[in-house]
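Colleague: I am new to this structure and would like to learn how to read it. Could you take me through some features step by step?

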Amino acid sequence: HMIMKDKTIDYVLRTTWLAVQKMYNEEASKFEATMATAFTLLSIDPKKGTSSTSLGPKMGMESTSLSRILKTLEERKLIKRKPNPEDGRGVIINLTNKGLDKREDSRQRVFKFNNIIKAEIESDKLSNFYEVSETILELINDKKIF
């Protein structure tokens, strides 16, 4: 184990997240995908589809990055766009059958990651992790830091 206790909190968050991202991207690259495209597929409702306007906020992503990903997914025939009946300017993003398959592959990998972590870390420690993460988010969202 690396000694993380003498590191700053943001360092631990960043290096952990970068390692997770690298792991997912290496896995995704075996299927000509990226973590970002997989995450997008997982964020689209497999039955009803998802409106393009709600997808960005749902993923915590800028619309320019998202539209680039959606363009890629469309070129790969993983999604279809159709006009949103409730919003004249918006579109509903639906998964194609191929998109549904890729979404399921991604879901299995996220499941595996979570299950292995849960098997390795006691539930009270994991519960502390969630609690600490939630508090950090609240402090940031409530502008209590900067």
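Modeller: Gladly! Let's begin with a term: buried means under 20% relative accessible area, exposed over 50%, and partly exposed in between (1.4 Å probe, protein chains only). This is a predicted model, where local features need pLDDT of at least 70, side-chain atom pairs count only at pLDDT 80 or more, and totals for chains, interfaces and linings use all residues. Residues are numbered from 1 along each chain as its sequence is written, and side-chain values use heavy atoms, leaving out hydrogens and water.

Colleague: Which residues of helix 3 are buried?

Modeller: Helices (H or I, at least four residues) and strands (E, at least two) are DSSP runs, numbered from the N terminus. In helix 3 (residues 52–59), Leu55, Gly56 and Met59 are buried. They lie on the same side of helix 3 because their arc around the axis is only 95°, taken from the directions from the helix axis to the C-beta atoms.

Colleague: What does the face turned away from the buried side of helix 3 carry?

Modeller: That face has the exposed residues Thr53, Pro57 and Lys58.

Colleague: Why does threonine 37 count as buried?

Modeller: Because its relative accessibility is 7%. Threonine 37 belongs to helix 2 (residues 35–43). Contact means heavy atoms within 4.5 Å; beyond its neighbours within four places in sequence, threonine 37 is in contact with Ile69 and Leu73.

Colleague: And what do the buried residues of helix 3 pack against?

Modeller: Their partners are helix 2, strand 1 (50–51), helix 4 (63–75) and strand 3. Just after helix 3, glycine 60 has a positive phi of about 65°.
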